[in-house]
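Morning, everyone. Please bring up the model, and I'll walk you through a few places in it.

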Amino acid sequence: MANLAPPSLASKSKWNWLKMAAMLIAAILALPILVVLVNVLIGDGEVWRHLYQTVLAEYISNSLLLMLGVGIGVLVIGVPCAWLTSMCDFPGRTLLSWALLLPMAVPAYIIAYTYTGVLDFAGPVQTFIRELTGWRYGEYWFFEIRSLGGAIAMLTLVLYPYVYLMSRAAFLEQSENTLEVSRTLGYSGRAVFFKLALPLARPAIVTGLTLALMETLADYGTVQYFSVNTFTTGILRTFYGFGDIAAASQLAGILLMFVAVLILLERYSRHRIRYHASGLKKASNRRMILKGSRGFIACIFCLLPILVGFLIPVGVLSYWAVFKAEMPGANFIQLAWNSFYLAAMASLIVVSLALILSYAIRLNNGKAVRTSVGIAGLGYALPGTIIAIGTIVPLAWLDHRIIDLVKHYSGERVGLIFSGTLVALLFAYTVRFMAVSLGAVQNGLGKIKPSMDMAGRSLGMSPFKVLTRIHIPLLKGSVLTAMLIVFVDVLKELPATLVLRPFNFNTLAVRAFELASDERLIDAAPASLMIVLVGLVPVILLSRSISSHLNKSK
């Protein structure tokens, strides 16, 4: 972090407890990853040999093709839209620049359900074609939505904002002087983009692409609904169908290797790459004006992802929920309460731990603390299925030890304390979303001057009182932002919830998935729409934050 309190702010005896707490938290949060890795090394069963001989090659090929298709798709949409909204001026640019973020609010599995209901054989589009032409099934060609291509399209529509965000930030930070010099050398607008601006923005683009591909690997609802066999579907099928945790962990270990390769590629892309443009005018201060047909084409190009990725799905869901779906009753209210209660508890736990970890770095930026915090933030790079498998194994082991102990000494039988309750879910959510909260809290702490710590210590405050009485009030905005982001992420999380939820406990995401799996797409609309509407809140806050930052930088 940029602003660190000097060592004199707290003696070793004062901050040592915080250092130990940070290391302990990191060790606990790293447990699911360690469990998966251990099972990869020791597992050697008949189920794994069966998977290796039958479906493993399909899991690998489908996962690679999915990543390739989504990677191309998010680049084709995200990078040009970022360039147009940051470096060009055309009708509607201001509105489109933030509206391009809206598809982030729609989970991939929900957009998959929506377009299946619209484009499937029994949907309104194909029904209209048959009524208009008189054709029967098999007499015309139509895009098969439930396919690998359909999954690629659905994931691309909701994941391109990752590339768009990173690319746009990179383009906006580029120096106007640099681009002007290229124009004086005779570079056309197209040459400036491909030979100068794009290479300069490459690290940011690769970072956005990596995030999109990690989300692609983590997806379960879309590929499961479209019957595309990938690692995520294979892990849950092995876990539930065969009951073999070791084999499921071995599949999770291979998926973990995919994620590790993506992270290494992203870091390699930034290796020894440094671009300095501080103090120079930003290129966005002098945008290229697109008039006539060029401006119209730019507007349509940026509008299409918003239309297809947000407006149409939300419109269809709203129509189904209001006019066709059954009126939500007490069951829907219970589902909403379960989802909101679980998300609120998870966000409170995650942000509280993030405050401890971030403050530990502020008091002592030693290697041990920095490494611990880095380990604690690894979970966001991992699919929910990996974290779920890594969570259920140690908690189930602990439950059985407790059951045996109680039975030995008292003869009583007790139920599952950890693995069969919300404890397992909350722990998995904490592992999965800690990095999101850490980023927001550390960014907020970095803006607080060390002199504030010194003032508190000069008044005789302990480090804990400095945190609670000075930092937390100043961090109110960052803390609320972190809680909101974690809240929405938990609300949308599907695979971890499916594996770890207690018996007869459902959430909005799980219920929407179950109804869609039973082909009751219209009845799934109210739950799906609720998730989307709640997901809009952080997207709107994110767009406002970006706009505020840009206004300050001008």
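Start at Ser227: it is exposed, at 61% relative accessible area. Exposed means over 50%, buried under 20%, and partly exposed in between, with a 1.4 Å probe and protein chains only. Ser227 sits in the loop between helix H11 (221–225) and helix H12 (231–242). Its phi is positive, about 60°, although Ser227 is not a glycine.

Some ground rules. This is a predicted model: local features need pLDDT of at least 70, side-chain atom pairs count only at pLDDT 80 or more, and totals for chains, interfaces and linings use all residues. Residues are numbered from 1 along each chain as its sequence is written, and side-chain values use heavy atoms, leaving out hydrogens and water.

Next, Asn504. It lies in the loop between helix H22 (495–500) and helix H23 (508–517). Asn504 also is not a glycine, yet has a positive phi of about 65°. Its relative accessibility is 71%, so Asn504 counts as exposed.

Now helix H8, residues 148–173. Helices are DSSP runs of H or I, at least four residues, numbered from the N terminus. Is H8 mostly covered or mostly open? Covered: 19 of its 26 residues are buried. H8 bends by about 45° at Leu157, and Pro161 follows within four residues. That bend is the angle between axes fitted to the seven residues ending there and the seven starting there.

Last stop: Phe296, in helix H14 (residues 292–324). Phe296 is exposed, with a relative accessible area of 56%.

Methods: Helices (H or I, at least four residues) and strands (E, at least two) are DSSP runs, numbered from the N terminus. The expected span of a helix is 1.5 Å times one less than its number of residues.
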